[in-house]
Amino acid sequence: MDYDVAIIGAGPVGGALACALATGGKQVALIDKAALPPMEHPHFDGRAYAIAAGCKRLLDETGLWDALPFTPCPILNIKVTDGKPGRPPSPLSLQFDHTQVGDEPFGWIIEARALRIAINEKLHSNPNITLFAPDEANVTRSAEGVTITLKNGTSFNAQLVVAADGRNSQIRAQAGIPVTRLPYHQSGVVCAIAHEKPHNGVALEHFLPGGPFAQLPMSASAEHPHMSAIVFTDKTDIANRLHILDADRFTKEVARRLGPQLGRIQLIGKRWTYPLSAMYAARYTATRLVLVGDAAHGVHPIAGQGLNLGLRDVQALADILTDPAVTDLGDTGLLAAYQAARRPANMTMLAATDLLDRLFSTNNPAIRLARDLGLAAVERMPRLKARFMRAAMGN
Ligand SMILES: Cc1cc2nc3c(=O)[nH]c(=O)nc-3n(C[C@H](O)[C@H](O)[C@H](O)COP(=O)(O)OP(=O)(O)OC[C@H]3O[C@@H](n4cnc5c(N)ncnc54)[C@H](O)[C@@H]3O)c2cc1C
């Protein structure tokens, strides 16, 4: 059996791409070195994605949205503040209300395991997708086509291979595509909390000297009526110390950064720590190869955009490849069109998140004053605010 497209990596980006191409009638082979069922954590594990409004279209069209087992929580308001842990935030803050730009929420907070369960269900039920996991692929590319040989010796052809194998992509390395990495010397700490008072759909981005602190509203569970995901960054040595604190002391550290607005808080699920760096590939294409998702780019999680960029790659690539007029999916012109559609946009987001982190992760009093005045100035400019809001939604 030969395939139209072979995708290496069944993470959220590779999985969503397989669903999008299969929905468009393409025959897809999807290979992951890991087995997929263990990725579905049976218990709440505290990790969640902020999915921008613009990416919901892809999840809707592929049926992934309807397959989510837990209801996503809409983000109705975003509050941006500046401060220091344990002290009240600066009164010069920025408030974004979704009703100022329409009826649609800014985005949704989706439990990471919910997205995984939905992707796994679709990968198994769509007859146009053949899944090889756990397995590993040896990839040979030429101007004529792609040959994939699996570990057991099975071999098949495809017109195009897609590298969706994450930040340390082997396929990208084998193609000799260079990457640039920007270390942040920061780590991301991720957990979830139950709290006494309702969040009312408000997401908080609180800029602290060690790095940004985000509280993202989550849907209620049977046990906890009020829940939020927490993602914050701090210098790596501090994040490592936080990681080994007992639950009580860790919760106090979260509360110092969050402030009192949600009342008493309680840590639920696990806590996770990720070393942070930005990264970008010099190009997204080679002979009959394209890069998508974290294989092509990695950004600071300050704006929760990493997976959103990957889903936009998927949308752009699927739109190009499922055009009925296209006969050769590995055509260099098509691949160039994909790179032109996505690389500049991804580089802009990388630069913006990098600048935001540098601007806000500092204690320099002059920069603090300038950014507080900047927040207050933007707050008084409704047109500029509306542009920021549309950009956050991906519209
Ligand atoms: C702290 C933190 C918070 C974040 N929060 C958000 C957020 O709120 N919103 C958001 O949009 N993004 C967020 N992100 C970013 C998001 O997690 C990533 O952008 C996303 O997981 C990338 O998905 P991917 O499928 O490209 O790569 P991955 O998730 O890395 O998946 C790669 C897949 O490839 C497989 N693989 C690897 N090598 C091979 C191989 N040789 N052969 C076969 N298979 C292979 C792996 O097993 C894996 O399944 C966050 C990131 C961090 C660190």
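This is a guided tour of the model, one selection at a time.

Before selecting anything, note that the model is predicted, that local features are described only where pLDDT is at least 70, and that side-chain atom pairs count only at pLDDT 80 or more, whereas totals for chains, interfaces and linings use all residues. Residue numbers start from 1 along each chain, following the sequence as written.

**The nonpolar core**

Select Val5, Ala6, Leu17, Val162 and Val292, which are the residues with the most contacts inside the largest nonpolar core, a set of 106 residues. Such a core consists of buried Ala, Val, Leu, Ile, Met, Phe, Trp, Tyr and Cys residues joined through C-beta atoms within 7 Å; buried means that 20 or more other C-beta atoms lie within 10 Å of the residue's own, exposed means 12 or fewer, and partly exposed lies in between, with C-beta atoms placed from the backbone. Helix H1 (residues 12–23) gives the largest share of this core, 8 residues; helices (H or I, at least four residues) and strands (E, at least two) are DSSP runs numbered from the N terminus.

Now centre on valine 292, which, leaving aside neighbours within four places in sequence, is in contact with Val13, Leu17, Val162, Ala164, Gly310, Asp313, Val314 and Leu317 (contact means C-beta atoms, placed from the backbone, within 7 Å).

**The ligand shell**

Next, show the 31 residues that surround the ligand, of which the closest are Gly11, Gly166, Gly188, Gly293 and Gly306; a residue belongs here if its C-beta atom, placed from the backbone, lies within 6 Å of the molecule. H1, strand S3 (48–52), strand S12 (179–195) and helix H7 (306–321) each give two or more residues to this shell, and the largest share, 4 residues, comes from H7. Domain 1 and domain 2 each supply at least three residues of the shell.

**The open sheet**

Turn to the open sheet of 8 strands, whose order is S6-S5-S13-S14-S15-S12-S16-S19, with mixed pairing (two strands pair if DSSP finds at least two bridges between them). Strand S6 (94–97) and strand S19 (297–298) stand at the edges with a single partner strand each, so one side of each has no neighbour in the sheet.

**Backbone details in the loops**

Most residues other than glycine have a negative phi, and most peptide bonds are trans. Select proline 134, in the loop between strand S8 (129–132) and strand S9 (137–141), where the peptide bond from alanine 133 is cis, with omega near 5 degrees.

Asparagine 200, in the loop between S12 and strand S13 (202–208), has a positive phi, near 55 degrees, and is exposed, with 9 other C-beta atoms within 10 Å. Arginine 288, in the loop between strand S17 (285–286) and strand S18 (289–291), also has a positive phi, of about 55 degrees, but counts as buried, with 25 C-beta neighbours inside 10 Å.

Finish at alanine 175, in the loop between helix H4 (170–174) and S12, whose C-alpha atom is separated by 6.9 Å from that of alanine 286, 111 residues apart along the chain.

Terms used:
Two residues are in contact if their C-beta atoms, placed from the backbone, lie within 7 Å. Domain bounds come from an automatic or database domain assignment.
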